[in-house]
Amino acid sequence: MRSRSIAEVEPFHAIALSRLAWELAGAGQDIIHMEFGQPSTGAPKAAIAAAQRVLATEAMGYWESAPLKSRIARSYADNYSVEVAPEQIMLTCGASPAFVLALSCLFAPGDRVALARPGYVAYRNSLKTLYIEPVEIDCGAAERFQLTADALAALDPAPQGVIVASPANPTGTIIAPDELARVAAVCRARGIAIVSDEIYHGLAFGDPARSMLEVDPHALIVNSFSKYFSMAGWRLGWLVVPPHLVEAARARMGNLYLTPPELAQHAGLVAFECVDELEGHRATYARNRDLLLDALPAMGLSRIAPPDGAFYIYADVGHLTQDSYALCEALLRDTGVATAPGIDFDPVEGHRFVRFSFAVSTPLVEEAIRRMVPWFSALSVRAA
Ligand SMILES: Cc1ncc(COP(=O)(O)O)c(C=O)c1O
């Protein structure tokens, strides 16, 4: 008999599309990968050089880098003017295990945790794996697909927790600072614990995103080297826990994951100093965003919330299809442009949305646009 948690965890449909994309590439088709949210640039050069030096000299074992924890702690003072002690930083193998750690420190089976729909699919599935009930809040274009304090205040009964993501995946929208403060105030008043996913911090196109720690010192903060630092394959991230949860988090970390790879920790420390290179990537994403925002209306895709950060555009294609997976597959087969269907992010409305990830080079975005404009125009004519 299959266990309940395994039965309920859904697959990531973008993976199936990506598999098809690689098959088509193997058969000779030229593919542009805009289906996954990962930088195509690789780790900063100095971080790679540091890793090569370490490979030559260190035996490598279970290890937690004290300098890296201190450097991460300092980044909270530098970026958000909040004080975080190095002991509050749990080094993890990316944001994904940091979530499991955070959720297992805060919640028990049967608890209810609110989150925005659309949202990153692993939130819902990590909750379910831990037998925590996801309480999805429908966040539409009017809210720029983001949680609001009013929506949280209206939940009856109050959930035990909430997951906040700003900038968010799949939309790239940021919660404005005053709304973030209101969200924290509602949570304080109603006893709702906050887990804040700040994995896209550093990747904003206007004002930088604010940390939940600025408005709630008890919030648990998830972050990673996968996005801004362009080190997804190095599997390194962190969780910030408040002082009263340090021992609980350390116990879980030791039992579930031990430590992240030593090599990645050495490289991650150096990556913090590679600002020029990393800001260059951000400038590329900003250019790509602008190119897509200019081109999407010509494809008949004007129902979007322009992203404030990250590297995604989530577009409503409901006038063309009620089957976003089929649309993504046809787009891929006909043009070689791989995208992600909205059903990965929203089980209710996602059938009429597509996510474009623009974490690729600008020439590739230009080429994708060149191929997609006539394809979407032809589809619009057929659908009219
Ligand atoms: C919003 C969000 N959180 C967490 C993750 C997981 O990232 P990591 O590679 O750090 O495990 C992703 C990956 O795409 C993401 O988009």
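# Reading helix packing, burial and backbone exceptions

Author: The axes of helix α12 (residues 324-335) and helix α13 come within 11 Å and cross at roughly 130°. The model is a predicted one.

Reader: How are α12 and α13 oriented to each other?

Author: The general idea is to sort the angle by cut-offs: under 35 degrees is roughly parallel, over 145 roughly antiparallel, 65 to 115 roughly perpendicular, and the rest oblique. At roughly 130°, α12 and α13 are therefore oblique to each other. Their crossing is right-handed.

Reader: Which residues of α12 and α13 meet?

Author: From α12 come L327, A330, L331, D334 and T335; from α13 come R371, M372, W375, F376 and L379. Sorted by class, this contact of α12 with α13 holds seven nonpolar residues, one polar and two charged.

Reader: At what angle do α11 and α13 pack?

Author: Helix α13 (residues 362-383) packs against α11 at about 10°, and the two axes are 9 Å apart. That angle makes α11 roughly parallel to α13. α11 passes α13 in a right-handed crossing. On the α11 side the contact uses T284, R287, N288, L291, L292 and A295, and on the α13 side T362, V365, E366, I369 and M372. Six of these residues are nonpolar, three polar and two charged.

Reader: Is N288 buried or exposed?

Author: The test is relative accessible area, and under 20% means buried. N288, in helix α11 (residues 275-295), has 0% relative accessibility and so counts as buried. Leaving out residues up to four places away in sequence, N288 touches F358, V360, S361, T362 and V365. Of these neighbours, T362 and V365 are also among the α13 residues in the contact with α11.

Reader: Which residues make the contact between α5 and α9?

Author: Geometry comes before the residue list. Helix α5 (residues 95-106) and helix α9 (residues 246-256) pack at about 130° with axes 10 Å apart, and α5 and α9 are therefore oblique to each other. The crossing is right-handed. L101, S104 and C105 of α5 meet A248, A249, R252 and M253 of α9. By class, the α5 and α9 contact has five nonpolar residues, one polar and one charged.

Reader: Which residues does T92 touch?

Author: T92 is found in strand β2 (residues 89-92). Not counting residues up to four places away in sequence, T92 touches P97, A98, L101, R235, L236, G237, W238, L239, M253 and P260. Two of these, L101 and M253, also take part in the contact of α5 with α9. A relative accessible area of 0% makes T92 buried. The C-alpha atoms of T92 and T259 are separated by 6.6 Å, although the two residues are 167 residues apart along the chain.

Reader: Why is α6 described as largely enclosed by the rest of the structure?

Author: The step is to count buried residues along the helix. In α6 (residues 121-129), seven of the nine residues are buried, so the helix is largely enclosed by the rest of the structure. The buried ones are V121, Y123, R124, N125, S126, L127 and K128.

Reader: Where is the peptide bond that is cis, with omega near 10°?

Author: That bond runs from R117 to P118, and P118 lies in the loop between β3 (112-117) and α6. Another cis bond joins N169 and P170, with omega about 25°. P170 is in the loop between β5 (161-165) and α8 (177-190).

Reader: What radius of gyration would a compact globule with 384 residues have?

Author: It would be near 21 Å, and the protein has 21 Å, which agrees. The C-alpha trace spans about 60 × 55 × 50 Å along its principal axes. Of the 384 residues, 53% count as buried. Among contacts with a separation of 6 or more, 75% come from residues 24 or more positions apart. The secondary structure comes to 13 helices and 12 strands.

Conventions:
Residues are numbered from 1 along each chain as its sequence is written. This is a predicted model: local features need pLDDT of at least 70, side-chain atom pairs count only at pLDDT 80 or more; totals for chains, interfaces and linings use all residues. Side-chain values use heavy atoms; hydrogens and water are left out. Axes are lines fitted to C-alpha atoms, for helices over the stretch in contact, and angles run from 0 to 180 degrees between N-to-C directions. Helices (H or I, at least four residues) and strands (E, at least two) are DSSP runs, numbered from the N terminus. A crossing is left-handed if the near helix is turned anticlockwise from the far one by less than a right angle, and right-handed if clockwise. Contact means heavy atoms within 4.5 Å. Ala, Val, Leu, Ile, Met, Phe, Trp, Tyr, Cys and Pro count as nonpolar, Asp, Glu, Lys and Arg as charged, and the others, Gly among them, as polar. Buried means under 20% relative accessible area, exposed over 50%, partly exposed in between (1.4 Å probe, protein chains only). The radius of gyration is taken over C-alpha atoms; the globule rule is 2.2 Å times the number of residues to the power 0.38.
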